[in-house]
Amino acid sequence: MQARAARAMMPRLLALSWLVQGHALKRQLPRNGQDFLRLSFHNQSTKARTQTWATLTLEEQLNILQGSHYDIITPERGYYVGYTPALFRLGLPALKMQDGSSGFRVTEPGTEGTTTTFPCLLGLAATWDEDLVGKVSEAMGAEFRGKGANVMIGPSVTVQRLAANGRSFESLSGDDPYLGSRLTKVFVKGIQSQGVMCAIKHIGFTDQETNRKTYNALVDQRTAWELYYPPLEAAVNAGVGAVMCGYNKVNDTYACHSPDLLKRDLRAKMGFQGMVISQWGGVRGIDALENGVDIEMPGRTSKGPGRFNLEQLVTVDPNVIQQATINVRKAIYSIGLDKDIQTQCNPPYCKGHLLSDQRSSEHVTLARDAAMQSVVLLKNEDNMLPLDLKKIRKLALVGTAAQLIGAGLVANADYFSGGGSSHSYWKPGTFGARTAEGVLSERLKWMDEVELVTIQGVMSNLEVLAKLNTIKDCDVIVVVGATTAAEAVDRWSLALDDFADDLIRSVAEFNKPTVVLMQTPGAVTTPWRNMPHVKAIANLFLAGEGTGRAWAGLLLGDYSPSGKLPVMFPASEMDVIAPSFDLTVNYTEGLFTSYRNSKFKAAFPFGHGLSYTNFTISTPRLTSNCTGVACIKFNVTNTGGRTGSEVPQAYIEFAPELGEPKLILKGFKKVHLHPGQKKEIIFSFTERDISVYHKDQGWIPQRVVRVHVGSSSAKLGDPVILRIKRDSSLSPANASAPTPRLRLRTEEAVAAATPLPQQRQAQSVPPVQSAPQPQEAPQ
């Protein structure tokens, strides 16, 4: 009855819609060249609201606000994972969205291997290198555009709460909001510089895959703003065009239906002006449109007309529809997607683009370089690495991960690319040459003095264990172990796959120098790490097609490793937060996750990573050469015998009664130095960096904090005290942040938090600002 009544009202509602939304867009003429200079969202808002718009028909409204041509799990032939059609009379291009984490996800049959497989986003985070991340994102953006896509569904900037999260490999933030913020900014700018819009994912605390469509995350405001929101804010400040809302509930409301998330936090507080798209199937009713979603994905499919269908659309306030179309248009204009509308391909006539080979020698070289820079050397006793081939007659390489890609273990995941919607595909049979065994055997066959011994014809490490006697006489044994992960399921264990831990233990008992190489989607346990003959350990986070070359180069000394852990490797599975099987997931730990929780013991701490050379970091000092509210300077010196890179890190310590974690990352820089070279580094801190969040009063800056500088969260030197003048101005990046002033208190609590050298303890103590008492740390 209601449906028939709605259809009967359509002519009158359509006329009303024409009157309310009677604006027409002048058709955009194509411009010469690829001019993707992003204008401000303010200018684009004016453009979207004031240009002459023809009357929008209901069908046109539907085509702007709802996707189509998605067939359950893949798009129809000639289409993209997400699609809205071009509206030529309005000058609007088709939106062609495709997944991406380690590269363009191919979905057109027969196109495997036509794009570059870069390291996963967590692998890029392990480089701690903004310049490299920018180069990789530009290359990815170019391949997306070459494939005809103009929206990348990504990157994921979720700060990891769980080590076992099935999508941990997709996170550009790893365990830390500051690391994520810095890398997100350059990644977004790199992709969008190529005329491809980023759709950041996800807003909505998508921190586990267990019950991912139904669990209810209970998160307080302070935890949200200090720990989980900063990378999303960084994307907004970088001009990101789109944000995706997740499946789960947040504080009792589904993320794609939550005005608190989408209107209050994302738009009102962060200032986001682009478009919000739903997770695929994340919309549960038309009220999502009223509460902040602008485009429903996948929309109309073979299973039905979707939630934003015509019958539902006519029941929505026309002003809501108009604002949603304005948000979409602003996003399109801000990236310049409308500038070459006449030359863009339009599905289903995009097969030429979808079938094209976007690989290039430059991109392949970049993927290999990124893989090498993402290697994290965790242990290197007795300078075991690089291998001294003059002392090695027989070198053993064992472990199925050394020769197999690990396909089929979890969904479409393998040991080079994680599973699910962001998996990167290659041509069958082409990846064997890119494994550790494939590359190392090719390298060593030119070295007659070294014999590479492997165990052939095995499909599992149980078979390898049964044949270990064949390698007992080798001088050095290299074991490659791996595990992988996939969307929709969390890892059930942090152990390596296929009895690799047992293999490592057994090999180490041969009393031969043992080197362990790991390919992982995130943190893993290393129960054999302290065995006396395990001399070296290194990790790669699902590093794509550069994996084999990265391992061979590490072993043979082609480069000095420079990666740092973007996540904490726990001492045991008791030192992490586990996925919850309850439908209500309460974030009672608050800010105290990963290295921020002193009760969690690390096997290898956040920020840790060794090199083939040595560095010293001098004690930091205050400097007036400053662009922020306070600055410190120090020297980094390469005291070793070869060229390498170090990443000095700065951690802020607040007064203990504020209830903040002991150490919070607030600065880092990758420094490349030749032997004997010294470089002065300046860290500039913004007012946001030295502030804590209160749910009623926003960001409250502190006037005195400690700053610790070192090479990891667990290897820090003497701290320096920052005293911020009362009249300090906000830094440009935080000019809009609220700065309420509260009553003053003394600094004794800060000074007592960590003992200083004696001469500093005698200094006079100025007053410091206080924030209201926050939640207590978990017991």
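## Terms and model

Ala, Val, Leu, Ile, Met, Phe, Trp, Tyr, Cys and Pro count here as nonpolar, Asp, Glu, Lys and Arg as charged, and the others, Gly among them, as polar. The model described below is predicted.

## Overall make-up

The protein contains 20 helices and 36 strands. Of its 779 residues, 63% count as buried. Among contacts in the protein with a separation of 6 or more, 78% are between residues 24 or more positions apart.

## The second largest pocket

The volume of the second largest pocket is about 1000 Å³. Its lining is made up of 40 residues, and those closest to the pocket centre are Y70, I72, I73, Y247 and W280. Two elements each give two or more residues to this lining: β6 (197-203) and β12 (296-301). The largest share, five residues, comes from β12.

Sorted by class, the lining of the second largest pocket has 14 nonpolar, 13 polar and 13 charged residues.

## Residue S68

S68 belongs to strand β1, which covers residues 66-71. The relative accessible area of S68 is 6%. Buried means under 20%, so S68 is buried. Leaving aside residues up to four places away in sequence, S68 touches Y83, P298 and R300.

## Helix α5

Helix α5 has 17 residues, 130-146.

At the N-terminal end, α5 is capped by D129, which has a side-chain oxygen 3.1 Å from the backbone nitrogen of D131. After α5 comes G148, with a positive phi near 90 degrees.

Which residues of α5 are buried? They are L132, V133, G134, V136, S137, A139, M140, G141, E143 and F144. An α-helix has 3.6 residues a turn, so residues three or four places apart point the same way.

How values were computed
Residues are numbered from 1 along each chain as its sequence is written. This is a predicted model: local features need pLDDT of at least 70, side-chain atom pairs count only at pLDDT 80 or more; totals for chains, interfaces and linings use all residues. Side-chain values use heavy atoms; hydrogens and water are left out. Helices (H or I, at least four residues) and strands (E, at least two) are DSSP runs, numbered from the N terminus. The expected span of a helix is 1.5 Å times one less than its number of residues. Buried means under 20% relative accessible area, exposed over 50%, partly exposed in between (1.4 Å probe, protein chains only). A polar contact is a pair of N or O atoms within 3.5 Å; within protein, one must be able to donate a hydrogen and the other to accept it, and residues adjacent in sequence count only if both atoms are side-chain atoms. On a 1 Å grid over the protein atoms alone, a cavity is a set of points where a 1.4 Å probe fits but cannot get out, and a pocket is an open set with protein on both sides within 12 Å along at least five of seven lines; lining residues have an atom within 4 Å of a point. Grid points are joined across faces, edges and corners, and a volume is the space filled by probe spheres set on the points. Contact means heavy atoms within 4.5 Å.
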